[in-house]
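The entries below follow the order in which I looked things up.

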Amino acid sequence: MSRSYRFPTDFVWGAATSAYQIEGSPLADGAGPSIWQRFAHTPGMMANGDTGDIACDHYHRYKDDVQLMRALGLKAYRFSIAWGRVLPEGTGRINQKGLDFYSRLVDELLENGIEPNATLFHWDLPAALDDRGGWLNRDSADWFAQYASVVFKALDGRVKLWSTINEPWVVTDGGYLHGALAPGHRNKYEAPIAAHNIMRASGAGIEAYRAVGKHQIGVVFNIEPKYSASDNPKDVAATRRAQAYMNEQFADPALLGSYPSELKDIFEDAWPDFPQDDFSLTQQPVDFVGINYYTRSVVRHDRHAYPLIGKRVYQRNTTHTETGWEVYEQGLKDTLVWFKDRYGNVPIYITENGAAFYDPPVAESDVVQDPLRVDYLRKHLRALHESIEAGVNIKGYYAWSLLDNLEWSLGFSKRFGLYHVDFSTQKRTPKASAKFYANVIQTHGASLDD
Ligand code: BGC
């Protein structure tokens, strides 16, 4: 039987990026360094010694990049604001030139009929704040609210969709527990504290928004659903803990005002008792939630794992991306239905979804053929449509990413873009996935039909 994948006509079609991954010129016009600037310049931290010094040079090429968005027919563009461009020391003194960059970008988007969607924090904490303890310092919630207020005052109205924090799990697991991401700590006692403070900061940002803002604000989680490798009770319990650790540790305090009880077992003696009062801050009402979905994980018990969340079991006979992630579109639907069941029918944007695959070299003025990425997008967009049919309140979708960019400590080696970027010349070339996505947007999804 043939199916129709037509999306609502007001569905928001977008693409996403983040500041440090594309802008380049991280210290231009009086900006203060971020923890990523420091980390990337620390020998041994980045693949190939890559840094965000130039990246996609979007800081200078943003007008051309807005034309790429226009060619796709994007309705919205999700970008992040570098905190240190606005407040070089993280608090206090405002750097007007840094704010002006985002003001120009927003104007350019609006002039081209593209709705700006701004994320306040996509991992690039000002280094000056890291020197004061970063997310381990309880004052970080106030620092974030101060910074957010400055940005709201400058851009709210022109920007109508805001997010506080992007992927708090990655910030704390990668930055404070396993050390693969900035600030590069490996400390089991720090991770839950950083996680708690970042959710307090998100709440403080939302509270600040209600004082000055007139539109919508939410928070962005990366949700990776967990499936048990077997019916063995040990595997089932490990799966439950993995779900609590990666997904509920962040969404629960924001949306339920509590933590899942499993976190005590997961972190053992490193789990502190947080003051009950904090939850009125973490649970500030959101207008929407952003969900980033890439893959799932199949979990098997492993008594040596820390935290106590088992280990991922590699799935054979299926496609994996260049980052080693299984392509599993059913996980998107399962995630969205689970989210609705656990947290209610809050409006949702898919704020990131995409894949790194090997892209063949670009011949002059050619289209880069990326059939695996096209297939990934097609499957996930169909699953997204099925989620809407299942009653999940989904407002929009942002492909990750507009451009090939700096994939954090993996450097430029992993390409997620709809547009290929030649990092030696900065030439952008559309991939077949860009054409595919433009067609989906133009037909409201009808081109996905069987
Ligand atoms: C992040 C992006 C990143 C992407 C692919 C997400 O975790 O928000 O910054 O590039 O996934 O790894």
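These notes treat the ligand site, then the pockets, then the cavities.

**Entry 1: the ligand shell.** I worked from a predicted model. I first listed the residues around the ligand: Gln21, His122, Trp123, Asn166, Glu167, Tyr294, Trp325, Glu352, Trp400, Glu407, Trp408 and Phe416. Sorted by class, this shell comprises six nonpolar, three polar and three charged residues.

Entry 2: I then looked up distances from ligand oxygen atoms to side chains. For Glu407, a side-chain N or O atom is 2.5 Å from a ligand oxygen. For His122, a polar side-chain atom lies 2.8 Å from an oxygen atom of the ligand, and for Asn166 the corresponding distance is 2.9 Å.

**Entry 3: the largest pocket.** Which space does the ligand take? I found that it is the largest pocket. This pocket holds about 950 Å³ of space. Its lining counts 40 residues, and those closest to the centre are Trp169, Val170, Glu224, Met246 and Trp325. Helices H8 (168-177) and H10 (233-255) and strands S8 (297-300) and S9 (311-312) are the elements that give two or more residues to this lining. H8 has the largest share, with four residues. By class, I recorded 20 nonpolar, 12 polar and eight charged residues in the lining of the largest pocket.

**Entry 4: the second largest pocket.** I noted about 190 Å³ of space here. The lining consists of 13 residues, with Tyr259, Lys264, Trp271, Asp273 and Phe279 nearest the centre. Seven of the lining residues are nonpolar, four polar and two charged.

**Entry 5: the cavities.** How many cavities of 30 Å³ or more does the structure hold? I counted four.

The largest cavity contains about 120 Å³ of space. It is lined by 13 residues, and Tyr20, Pro26, Ser34, Ala82 and Asp124 lie nearest its centre. Helices H1 (19-22) and H4 (83-86) each supply at least two residues of that lining, which divides into five nonpolar, five polar and three charged residues.

The second largest cavity contains about 70 Å³. Among its lining residues I listed Trp36, Phe121, Trp123, Val170 and Leu181. Helix H2 (35-40) and H8 each give at least two residues to this lining, and H8 gives the most, with three. I recorded 12 nonpolar residues here, with no polar and no charged ones.

Terms used. Residues numbered from 1 in each chain as written. Predicted model: local features only at pLDDT ≥ 70, side-chain atom pairs only at ≥ 80, totals over all residues. Heavy atoms only, no water. Near = heavy atom within 4 Å. Polar contact = N/O pair within 3.5 Å; in protein donor to acceptor, adjacent residues only side chain to side chain. 1 Å grid on protein atoms, 1.4 Å probe; cavity = no way out; pocket = protein on both sides within 12 Å on 5 of 7 lines; lining within 4 Å. Sits in = over half its atoms within 2 Å of the grid points. Nonpolar A, V, L, I, M, F, W, Y, C, P; charged D, E, K, R; others polar. Points joined across faces, edges and corners; volume = space filled by probe spheres on them.
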